[in-house]
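Take a look at the model below.

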Amino acid sequence: ACIEADLAEGRKGEDPAFAAFYPFMIKMGFSPDVLAALIEGLLQDQADEVCIEDEAALLRYAYRVAGTVGLLMCDVLGCRDANAKAHAIDLGIGMQLTNIARDVLEDARMGRRYLPGEWVNDMSPASIRAAADDPNGADSQKISRAVKRLLLLADQFYKSGAIGYTYLPWRAHLGIAVAA
């Protein structure tokens with residue numbers, strides 16, 4: 001909360017890690033609002049149990065933890081075009097959705113369910129873990145359908161993100177395209 005207040009007030013504050021980061025933040029022109037959204041997403045991950053309610057909450061979370069990174073990368077690469085930034089957000093979201101699809105069981109083991117509850121009948125992380133023991137069971141099938149839906153959604157964001165490659169310097173374009 002102190003770092004968020006320092007961001008809002010435009011000061012480097014007392015936290016040693018943030019104070020060390022602050023000159024770089026200023027040099028790169030990072031938006032305090034974007035950094036605050038990133039921090040909010042990272043703090044959300046620290047809850048004892050994370051259960052995303054619906055698709056809107058999923059996309060909000062993906063923006064916070066990955067779309068913001070796309071925006072920050074634009075600043076690092078000197079890409080200031082608003083159109084480029086919209087595509088960078090989408091690429092970050094697409095990548096986060098893919099990470100979620102890949103890590104469903106691992107996340108459940110940590111008390112997290114990023115698949116929207118409305119897609120999986122509000123299964124708990126414990127239920128997801130149990131479903132892994134019965135791959136042909138109804139719960140496993142629900143999870144499989146949700147993962148497929150998630151990957152289709154990610155693909156939409158990747159397509160938008162790919163349009164933004166043209167705004168990037170060539171070396172960054174190639175590296176980011178390979179990462180995506």
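How many cavities of 30 Å³ or more does the count come to? This is a predicted model. The count comes to one cavity of 30 Å³ or more.

**Inside**

The largest cavity has a volume of about 50 Å³. Its lining includes Ile100, Val104, Asp107 and Ala108. Arg112, Arg113, Tyr114, Leu115 and Ile128 also line the largest cavity. Two elements, helix H6 (104-109) and strand E2 (112-113), each give two or more residues to this lining. Helix H6 gives the most, with three residues.

What kinds of residues line the largest cavity?

| Kind of lining residue | Number of residues |
|---|---|
| Nonpolar | six |

**On the surface**

Now turn to the outside. Which residues form a nonpolar patch on the surface? They are Phe24, Val69, Met73 and Val76. Together they have about 310 Å² of accessible area.

Which helix gives the largest share of the nonpolar patch? Helix H4 (residues 55-76) does, with three residues. Phe24 is found in helix H2 (residues 16-28).

Why does Phe24 count as partly exposed? Its relative accessible area is 40%. Partly exposed lies between buried, under 20%, and exposed, over 50%. Phe24 is therefore partly exposed, because its 40% falls in between.

How values were computed: Residues numbered from 1 in each chain as written. Predicted model: local features only at pLDDT ≥ 70, side-chain atom pairs only at ≥ 80, totals over all residues. Heavy atoms only, no water. Patch = residues over 30% accessible without salt bridge, like charges linked within 9 Å, V, L, I, M, F, W, Y side chains within 5 Å. Areas by Shrake-Rupley, 256 points an atom, 1.4 Å probe, with all protein chains shown as cover. Salt bridge = Lys/Arg side-chain N within 4 Å of Asp/Glu carboxyl O. Helix = DSSP H or I, 4+ residues; strand = E, 2+ residues; numbered from the N terminus. Buried < 20%, exposed > 50% of the residue type's maximum accessible area, 1.4 Å probe, protein only. 1 Å grid on protein atoms, 1.4 Å probe; cavity = no way out; pocket = protein on both sides within 12 Å on 5 of 7 lines; lining within 4 Å. Points joined across faces, edges and corners; volume = space filled by probe spheres on them. Nonpolar A, V, L, I, M, F, W, Y, C, P; charged D, E, K, R; others polar.
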